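Subject: Structure handover

Hello,

Please find the structure below. My notes on it follow.

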Amino acid sequence: MTTLSPENSLSARWSASFILVKRKPPIDKTEWDGFFDENGLLAKSRDLICVNILERGLHPYVRTEAWKFLTGYYSWQSSQDERLTVDSTRRKNYEALCEMYKKIQPLLENLHRNFMETRNTITYDIQKLYDKDPLGNVIIDKKRLEKILLLSYVCNTQAEYQQGFHEMVMLFQLMAEHDHETFWLFQFFLQKTEHSCVIKIGVGKNLDMLNTLINFLDPVFAEHLRGKGAGAVQSLFPWFCLCFQRAFKSFDDVWRLWEVLLTGKPCRNFQVLVAYSMLQMVREQVLQESMTSDGILLACNNLIDLDADVLISAACLVYAELIQKDVPQPLKDFFL
């Protein structure tokens, strides 16, 4: 067991204050532009910007550009001219990948059974997407989505296609203007979040650490989850695979949480604190009704229409509680 440093205690007090203070307006275009000098070089610290994103969020008008920095599409050290070059390079590289895919597609169809199965799955998933806004206007292009997902599958050997990726790419298409931006933002997002949302890389570790966190912070709930509720936590893998997107009331709430996860604030692997906070929302019902794992999973699946700010605040409070305790080494290594 180890005691955390005074610096982390300060972080805990800051996290608690985030919960108690009403969120200020999100960062708008004028403020975002003020983070850079006349050459487009960063004039403020990256840490300061990320803390502001955690506390306040991003206005929709600056979200796409800000996400290019948060995902690694742009370097934080780049100038405006360098970013123009990066955009041009990303577009050309995307076009080259599209041409490559056209050439190898017949080979993939004839020799790779997995490709055909995955393509059919992607097509099926895409068709299930509702593509209109409340007024009936078409807001997404399903053909373009399918093309981006297939290209991503062919090019990405580690993060194989998993159900839910179609919903994630849809959100990037809604955010970005061009297909090459959608494709590369999704690729960089997967790289940044693979240890939380990709099944074969990080989801299992997240579930294990969620169990460890419950055991440490809530022994009563943990005892129930080991007994009558055994297996419930391991069944929550869709939360991580989808980065919680089905739990929110709007796309803006999803983007709000995702951009916080991309900042790395207030700690590493914040997604596990988010999952813990969601479990706490059903805790009393689970214990009062002595639910089995099936009942717990149903209650968790009914967590929809959540407000991202409320959930982020709750997770920050868990961080504030955690950081003031004598934390076991595995938790310290994972979060700090």
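Buried here means under 20% relative accessible area, exposed over 50%, and partly exposed in between (1.4 Å probe, protein chains only). This is a predicted model: local features need pLDDT of at least 70, side-chain atom pairs count only at pLDDT 80 or more, and totals for chains, interfaces and linings use all residues. Residues are numbered from 1 along each chain as its sequence is written, and side-chain values use heavy atoms, with hydrogens and water left out.

Gln162 is buried, at a relative accessible area of 9%. Gln162 sits in the loop between helix 7 (142-155) and helix 8 (165-175); helices are DSSP runs (H or I, at least four residues), numbered from the N terminus. Leaving aside residues up to four places away in sequence, Gln162 touches Cys197, Val198, Ile199 and Cys241 (contact: heavy atoms within 4.5 Å).

In helix 15 (residues 293-301), the buried residues include Ile296, Ala299 and Cys300. Down the helix axis, the buried residues of helix 15 fall within an arc of 100°, so they line one face (the arc is that of the directions from the axis to the C-beta atoms). Asp294 and Leu298, on the other side of helix 15, are exposed. The cover over the buried residues of helix 15 includes helix 11 (219-226), helix 12 (237-241) and helix 14 (270-288).

Regards

Note on methods. Helix = DSSP H or I, 4+ residues; strand = E, 2+ residues; numbered from the N terminus.
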